[in-house]
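The sequence and structure come first.

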Amino acid sequence: MLRRGGKGEAADGFYQIRSDCTHKVPETKFKIKIGKTLSVRKWHAAFTREGCLDIASVLNRIQKGGVHPTIRGEVWEFLLGCFDPGSTFDEREQIRQKRRIQYALWKEECKDMDSHVGSSKIITAPIITEDGMPIKDPLVLLEATSDQRTTQGSSSSSGNDNEVDKSVNCVVDKQIIEWKLLLHQIGLDVLRTDRSMVFYENKENLTKLWDILAVYAWIDKEIGYCQGMSDLCSPMIVLLNDEADAFWCFERCTQQSVGVENQLQHLASIIQVLDPKLHDHLETLGGGDYLFAFRMFMVLFRRELSFGDSLYLWEMMWALEYDPDIFSAYEHIGAATGVTPGYKPKVKSMRQFGKYERDNMKNGASDNDGPVPISVFLVASVLKENSAKLLQEARGIDDVIRILNDVNGNLDAKKACAVALKLHRKYLKKLYIIRQGKHILISSAGADT
């Protein structure tokens, strides 16, 4: 029985690991704690009879102890801006149904261009050349339709040719060619994603992941598909049973992320202010662009933490930087949800914002691209924690990567968030002092003239 203030209940059982992989994955540090973790009871109690959510009480709980695994999916839909906390049960159901219809239409559109979409198959080899010509190498076709290998063997492949020919007709549309060229890369990444989990022993879950990424690559042509997206999408598949619901959570997750290049630039600026000695050392080693931190940003610490701990870290991040207008902001952008934009946000209480966002608002911390994401301060916290070791042992970029790789499996999500908040406040204070100094210099120069 759990006791208030006790050590808490382990959450490993909610995300089962294959018996042959238990020694390969980090131990989960996240514990379900009474009085801290957002429980099923507290979650249900946070809704009014009509379905409006008291987001302030929910954020407070999440920031203290995360979310109980059994309600993570539905909580994340709010944290990611899929739904407005002020909406009713009926309004959310209408939005959900419209989004499911929209996703089905997009998926059908993709299926018309390539019959593997929605077919319970995954493409793992190129099916088209850059000039739109189909690749008819039988080995490639057999790899692209792996189910046929097991049922018909590798003898006469006339059945395979007929099936695959539907999706490899000569293509002239450049956008379709670019999309088709991504499909096998998505497949290769999907087959490498979270393979230690029992969940992905079910091929249906793998194909669901591939379908979502293939559809997303088509509808968001500006981003398309980048390596690491499968790591971001996988938890959505695990937490949400409906494929369309998982798609929309993933879509909002990608919307929340600013470009990795911007985050690397922010990181360089922050370390230069908070730890100039470390920044100078990294520049001397040729790491002033901070590209060694690229993976942390790309997959949001998925490789540094166990599956359960990475989910805990994500929900802590989203709760800390939560903005209650996130839903209306996305709808105004026009994310093709089938929902008519025009929602007018009401004046919000400061309690409805996450701690990190409140600090930004109080200090006016924002640049032309908006406030710096908390993920940047999380990476900064890792560098600060390892500053002494990096200064003493790193004699090249390979050493920097090696030292940071040692963090894998040893990162404490809650501690990292606490340190990130402290660094954020420290950075804002130092920026204020720097700006005040510049203001005094400008004022003095004006007086002299």
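## A buried loop residue

In this predicted model, Ile128 has a relative accessibility of 5%, so the residue counts as buried, the limit for that class being under 20%. Ile128 sits in the loop that runs between α4 (89-113) and α5 (138-144). Leaving out residues up to four places away in sequence, Ile128 touches Met133, Pro134, Ile135, Val171, Ile177, Lys180 and Leu181. One of these, Val171, lies 43 residues from Ile128 along the chain, and the two C-alpha atoms are 8.6 Å apart.

## The nonpolar core

The largest nonpolar core holds 128 residues, and Met236 and Leu267 have the most contacts inside it. When neighbours within four places in sequence are set aside, the contacts of Leu267 are Tyr290, Ala293, Phe297, Val376, Val379, Ala380 and Leu383.

## Helix α13

Helix α13 covers residues 276-284, and its buried residues are Leu278, His279, His281 and Leu282. Viewed down the axis of α13, these buried residues fall within an arc of 160°, and therefore line one face of the helix. Lys277 and Thr284, on the other side of α13, are exposed. The cover over the buried residues of α13 includes α12 (260-274), α18 (374-385), α19 (387-393) and α20 (397-405). After α13 comes Gly286, which has a positive phi, near 90°.

## The largest pocket

Which residues lie closest to the centre of the largest pocket? The pocket has a volume of about 760 Å³. Its lining comprises 31 residues, of which Asp194, Ser196, Arg302, Arg303 and Leu305 are the closest to the centre. Three helices, α10 (229-239), α14 (294-299) and α15 (307-320), are the elements that give two or more residues to this lining. The most comes from α14, which contributes four residues. The table divides the lining residues of the largest pocket by class.

| Class of lining residue | Number in the largest pocket |
|---|---|
| Nonpolar | eleven residues |
| Polar | nine residues |

Among the residues closest to the pocket centre are Asp194, Arg302 and Arg303, and Asp and Arg count as charged. Leu305 is also in that central group, and Leu counts as nonpolar.

Terms used: Residues are numbered from 1 along each chain as its sequence is written. This is a predicted model: local features need pLDDT of at least 70, side-chain atom pairs count only at pLDDT 80 or more; totals for chains, interfaces and linings use all residues. Side-chain values use heavy atoms; hydrogens and water are left out. Buried means under 20% relative accessible area, exposed over 50%, partly exposed in between (1.4 Å probe, protein chains only). The arc is that of the directions from the helix axis to the C-beta atoms. Contact means heavy atoms within 4.5 Å. On a 1 Å grid over the protein atoms alone, a cavity is a set of points where a 1.4 Å probe fits but cannot get out, and a pocket is an open set with protein on both sides within 12 Å along at least five of seven lines; lining residues have an atom within 4 Å of a point. Grid points are joined across faces, edges and corners, and a volume is the space filled by probe spheres set on the points. A nonpolar core is a set of buried Ala, Val, Leu, Ile, Met, Phe, Trp, Tyr and Cys residues joined through side-chain atoms within 4.5 Å.
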